[in-house]
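Student: Hi! Could we go through this structure together, one question at a time?
Tutor: Gladly. Here is what we will be looking at.

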Amino acid sequence: MEYNRLYAVRYARRWAFRRNPAYYNFDEIGGDCTNFVSQCVYAGSGVMNFTPDTGWYYISPDMRAPAWTSVRFFYDFITTNEGPGPYGYEADLSEARPGDVLQFAYNGNEDFTHTLLVVGTGRNPTPQNILLAAHTRDAFARRMSTYDYTNARLIHIEAVREP
């Protein structure tokens, strides 16, 4: 089924500078960035994957998949998911579309530690015209080029599998 990019971006616009009370705010315990992006992607997909350990779901702060709130596990889930829920692949920045996901590494570190949602792009996406939404360092429509990252990867959300 199709991933609704518009719904993902609308959700990001509504909650970029606030916290949806239906979800726990992880700002004080490691950051809320991937939790926020998972909420956005869920708004555009409408399907969670309840596979123990390797799925992507949120029921409560104590009943959630690691992929819902972890940068690395989110990437692993989306890029290898063959079950229900959203799936995609790592793509070149030139393929960025609203509703896709970016992850950043900082300070020359190879570990990606920040997850953001693409909310806008130019006709030919580049860091100067890719616009992002994020939590932890709250933002909406912030240019990718204004971040001080050392490495970036784009996760293109391809579609959604129904349960």
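Student: Which residues line the largest cavity?
Tutor: Before we start, keep in mind that this is a predicted model. The structure holds one cavity of 30 Å³ or more. By class, two nonpolar, five polar and two charged residues make up the lining of the largest cavity. Their names are Arg-19, Asn-20, Tyr-23, Tyr-24, Asn-25, Asp-32, Asn-35, Gln-39 and His-135.

Student: And what volume does the largest cavity have?
Tutor: Asp-32 and His-135 are among the residues lining the largest cavity. The volume of the largest cavity is about 30 Å³.

Student: Which residues lie nearest the centre of the largest pocket?
Tutor: Let us turn to the pocket, which has a volume of about 200 Å³. Its lining has 16 residues. Those nearest the centre of the largest pocket are Gly-30, Gly-31, Asp-32, Cys-33 and Thr-69.

Student: Which element gives the largest share of the lining of the largest pocket?
Tutor: Two elements give two or more residues to this lining: helix 2 (33-45) and strand 5 (112-120). The largest share is three residues, and it comes from helix 2.

Student: How many polar residues does the lining of the largest pocket have?
Tutor: Sort the lining of the largest pocket by class, and you find four nonpolar and three charged residues. Glycine counts as polar here, so Gly-30 and Gly-31, which lie nearest the centre, belong to that class. The number of polar residues in the lining is nine.

Student: What pattern of helices and strands does the protein follow along the sequence?
Tutor: The protein has four helices and eight strands. Write α for a helix and β for a strand, then read along the sequence. The pattern is α-α-β-β-α-α-β-β-β-β-β-β.

Student: What radius of gyration does the protein have, and why does it agree with a compact globule?
Tutor: For a sense of the dimensions, the C-alpha atoms fill a box of roughly 40 × 35 × 30 Å along the principal axes. With 163 residues, a compact globule would have a radius of gyration near 15 Å. The value for the protein agrees with that, because it is 14 Å.

Student: What percentage of the residues count as buried?
Tutor: A residue counts as buried when its relative accessible area is under 20%. The protein as a whole exposes about 8,000 Å², with carbon and sulfur atoms supplying 46% of it. Of the 163 residues, the buried share is 48%.

Student: Is Asp-53 buried or exposed?
Tutor: Asp-53 sits in the loop between helix 2 and strand 1 (58-60). Its phi is positive, about 70 degrees, although it is not a glycine. Most residues other than glycine have a negative phi. With a relative accessible area of 67%, Asp-53 is exposed.

Student: Where is Ala-141 placed?
Tutor: Ala-141 also has a positive phi, near 60 degrees, and is a residue other than glycine. A relative accessible area of 35% makes Ala-141 partly exposed. Its place, within residues 139-143, is strand 7.

Student: Which residues is Arg-143 in contact with, leaving aside neighbours within four places in sequence?
Tutor: Arg-143 is found in strand 7. At 41% relative accessibility, Arg-143 counts as partly exposed. Its contacts, with those neighbours left aside, are Pro-127, Gln-128, Asn-129, Ile-130 and Leu-131.

Student: What separates the C-alpha atoms of Thr-146 and Pro-61?
Tutor: Thr-146 is in the loop between strand 7 and strand 8 (151-161), and at 43% relative accessibility it counts as partly exposed. Along the chain, Thr-146 and Pro-61 are 85 residues apart.

Student: How many Å apart in space are Met-1 and Val-160, C-alpha to C-alpha?
Tutor: Met-1 belongs to the segment before helix 1 (5-15). Leaving aside neighbours within four places in sequence, Met-1 is in contact with residues including Ser-45, Val-47 and Val-160. Met-1 and Val-160 are 159 residues apart in sequence, yet their C-alpha distance in space is 5.1 Å.

Methods. Residues are numbered from 1 along each chain as its sequence is written. This is a predicted model: local features need pLDDT of at least 70, side-chain atom pairs count only at pLDDT 80 or more; totals for chains, interfaces and linings use all residues. Side-chain values use heavy atoms; hydrogens and water are left out. On a 1 Å grid over the protein atoms alone, a cavity is a set of points where a 1.4 Å probe fits but cannot get out, and a pocket is an open set with protein on both sides within 12 Å along at least five of seven lines; lining residues have an atom within 4 Å of a point. Grid points are joined across faces, edges and corners, and a volume is the space filled by probe spheres set on the points. The radius of gyration is taken over C-alpha atoms; the globule rule is 2.2 Å times the number of residues to the power 0.38. Buried means under 20% relative accessible area, exposed over 50%, partly exposed in between (1.4 Å probe, protein chains only). Accessible areas come from the Shrake-Rupley method with a 1.4 Å probe; for residues, only the protein chains shown count as cover. Contact means heavy atoms within 4.5 Å.
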